[in-house]
Amino acid sequence: MQTHILGYPRIGSQRELKKACEQYWSGKINLDDLHQVGAAIRQSNWKLQQEAGIDLIPSNDFSFYDQVLDMSLTFNAIPDRYQELIAKKEIAKQELYFAMARGYQQDDLDITAMEMTKWFDTNYHYIVPEFKKDQEFKLFSNKALDEFLEAKKAGILTKPVLLGPITYLVLGKEKEAGFNRLDLIDKLLPVYIEVLKKLQDAGAVWVQLDEPFLALDLTAKEKEVYKKVYNELKKQLPELKILLATYFEGLKENLDLAVSLPVCALHIDLVRAPQQLQEVLDKTPNDLTLSLGIIDGRNIWKNDYQDSVAFIRKALKSKTSNRIMIAPSCSLLHVPCDLDLETNETVLTPEIKNWLAFAKQKLEELATLKAISEEDDVNAVATMEKLHVNLDALKSKKESQRIHKPEVKQRTARITKKDAQRNKAFSERKSIQHKALKLPLFPTTTIGSFPQTKEVRSWRAQFKKGTVNALEYENLLLEETEQCIRWQEEIDLDVLVHGEFERNDMVEYFGEQLNGFVFTKMGWVQSYGSRCVKPPIIYGDIDRPEAMTVKWSSYAQGLTSKIVKGMLTGPVTILQWSFVRNDQPRSETCNQIALAIRDEVLDLEKAGIRIIQIDEPAIREGLPLRKTEWQAYLKWAVNAFCISAAGVSDQTQIHTHMCYSEFNDIIEHIAAMDADVITIECSRSQMELLDAFAKFEYPNEIGPGVYDIHAPRVPSVKEMVALMEKAKLVIPEKQLWVNPDCGLKTRHWEETRKALEAMVEAAKTLRVASEKERLVTL
Ligand SMILES: CN1c2c(nc(N)[nH]c2=O)NC[C@@H]1CNc1ccc(C(=O)N[C@@H](CCC(=O)N[C@@H](CCC(=O)N[C@@H](CCC(=O)O)C(=O)O)C(=O)O)C(=O)O)cc1
Ligand SMILES: N[C@@H](CCS)C(=O)O
Ligand SMILES: [Zn+2]
């Protein structure tokens, strides 16, 4: 039996990659320096796995930005707009790669970045491949081979990891009409084969092809393409051992297809879909190796050895041990690097730490599981000891007094339908709110955060270190908030925000203040590119010991006669972006958070805040990957949002915000959230996302993002007016707000100011145009 992993976190345990990339982008280090950091991370990851005794160590799981973008560069799937950059400059591949990820605004060039979207149901974002009708592919980057050779030089024969061809195509987008991207497979496959041949010639024995789509709902055409592709690979590369990796879901009705593909090994996710083991065993041909994904690659709880060993032994009854591999369920990209770095016992108590395993600890778990499962004498001392230590940790968690709070459980049990309903319908609330708020047509606002400057972050870092005391820290933040309010008044925004300077992150900040959560110091996980998040850990029943944001919002409101919008993160997003307890349904945990947020909403209202935004960017990402499970999820998720929002009076306006979402297939549920105003990220899709709202005749108000904040570029008034004119074609103007896309926290003040000034001018231009139109029709 062999152990292997599908991928290891590549940010470095001290976030070395993030720091090096950002230094490179700001010109502080050169390309060689950056490459050295990358190489050091790879070496360290390989060594760690070697030391832990992992049998089959992956390579090419490293990436400077994103593994999907790596594939696009490998196959030369470079959108045409970058040709100008290639032609104009003798550009290094690495620079072109970053330009594709982040856009390029230099030397008179203004090239937009490629789109970014969620990686399945995770909080990781990938760069969406762009395909055109006459798309050609050729080998452009040798990254997979280079990294294989690099590891080989270090004495490790790795298993290179590539995104499988079908998943790669499905993850992409047709950028013009008239073709189906899956039909590009005939052009793509020869280049895949070229890459695989090179790896084989260089000595690779195993190659892992990630095909998570094989575990999702497939069309007949997709199924056919799976057969065609893997048969062709077998024909062209009969000697190469392909490990086909599925994860994030069970194979279900695709099982027959999966086991019929002529590959050497099939990896299945037994954490998400433990029930599939028996059927998979029944159907797996003798010569197909089965890789059991038994350690949770998406969560941070210690593995249950007893359970896992039972799974492994069950598999060993059907198959010989040389046909079994064990592994984490998916790449460890989604968990933090190393629990050993959590040394501050006041942040993470030893009791709770003893329940956890991060990536490095999961390697140890894997090796231990192999040792236990291969032990013939089940009473052997070493085996029993390891099992007992594990059992003790799990028992300590199960019985801990810290987890269960009867009053919290009783409160969620008492939730009624009425708790999730506003007093009056939106049609009536609308005029009550308009009278109370007196906002102009096309009201302007922002999504909440303003630049989190180095200074703001360093105050927080110093406060956490103890070199700045609580009062000094608070005063610095209050000053920053005041400047932010003055600044918004000056540029004449209609609905102001306090700026979110007090927040390290929109989820971690709330986690830190709620009971039932613990957080880490070094538990970073890559979110996109160099950006990381530190998900809090929900270990027990959740309640709110005291108000969390009222101080900031009411201070900001006290500074101005304009309306300041209160700013909260919603229950589904807090749930989705945290590591969640695994001893009760997610819906129950979500309801507990919803009640805590509801209390905060009511406290904000009491403190005189008249508009409250409850951000729910993760509602769509939380959708189950299989459609049959959507309804059940949407029911509890939307209900949790409603519970958090519905306690207010009709006069109080509730906003929500979502980004990276497509709404077509869930629009009725978005409508059921019944937020008075929804702001959505729209600029990169040129307002196309509004079509879903238009088709549904969505009655509530909408703020489509009028400019992309992911680049430092300042948009012109003209282009924002044009985008809003486009919006007006599908949504009545009385329903429309004007705001940017979200993410201003990642920008600098200079470009933020210029862009928002232009945005306010755009709104004013729209108002004048609308008044003219009104007079003409009179
Ligand atoms: C809206 N998005 C979010 C997602 N998930 C979240 N949990 N939160 C989100 O906001 N998912 C979808 C999108 C993803 N988008 C982003 C956007 C931006 C970031 C980001 O900026 N991440 C920061 C880390 C933020 C943070 O925690 N900051 C801390 C500082 C931590 C730190 O680096 N400290 C330094 C010392 C600082 C100093 O001295 O100056 C250190 O420890 O060395 C804070 O503000 O206190 C990032 O840097 O990557 C993420 C997702
Ligand atoms: N209020 C948050 C939403 C991000 S999705 C922000 O502006 O950063
Ligand atoms: Zn957002």
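Between which two helices does the loop holding Cys 742 lie? Cys 742 lies in the loop between α27 (717–730) and α28 (749–777).

This is a predicted model, in which local features need pLDDT of at least 70 and side-chain atom pairs count only at pLDDT 80 or more, while totals for chains, interfaces and linings use all residues. Residues are numbered from 1 along each chain as its sequence is written, and chains are lettered from A and ligands numbered from 1 in the order in which they are written.

**View 1. The annotated binding site.** The unreviewed UniProt entry gives the annotation "binding site" to His 657, Cys 659, Glu 681 and Cys 742. They span 86 residues in sequence, yet no two of their C-alpha atoms are more than 8.6 Å apart, so they gather at one spot. UniProt positions are given in the numbering used here, feature names are shortened, and annotations may be inferred rather than shown by experiment.

View 2. Glu 681 is found in the loop between β23 (677–680) and α26 (690–696); helices (H or I, at least four residues) and strands (E, at least two) are DSSP runs, numbered from the N terminus. Glu 681 is buried, with 23 other C-beta atoms within 10 Å, and Cys 742 is buried with 24 (buried: 20 or more other C-beta atoms within 10 Å of the residue's own; exposed: 12 or fewer; partly exposed: in between; C-beta atoms are placed from the backbone). Neighbours within four places in sequence aside, the contacts of Cys 742 are Ile 447, His 657, Cys 659 and Glu 681 (contact: C-beta atoms, placed from the backbone, within 7 Å).

View 3. Strand β17 (residues 525–528) is joined to β18 by three bridges, and the two run antiparallel (strands pair if DSSP finds at least two bridges between them). Tyr 528 has Arg 531 of β18 as its bridge partner. Two residues separate the strands of this hairpin, and Gly 529 in the turn has a positive phi of about 50°.

**View 4. The open sheet.** Eight strands, paired in parallel, form an open sheet in the order β1-β14-β13-β12-β11-β10-β8-β2. β1 (2–3) and β2 (58–59) stand at the edges with a single partner strand each, so one side of each is left without a neighbour in the sheet. Within it, three bridges join β11 (residues 241–245) to β12 (residues 265–269), and Ala 245 has His 267 of β12 as its bridge partner.

Terms used:
Contact = placed C-beta atoms within 7 Å.
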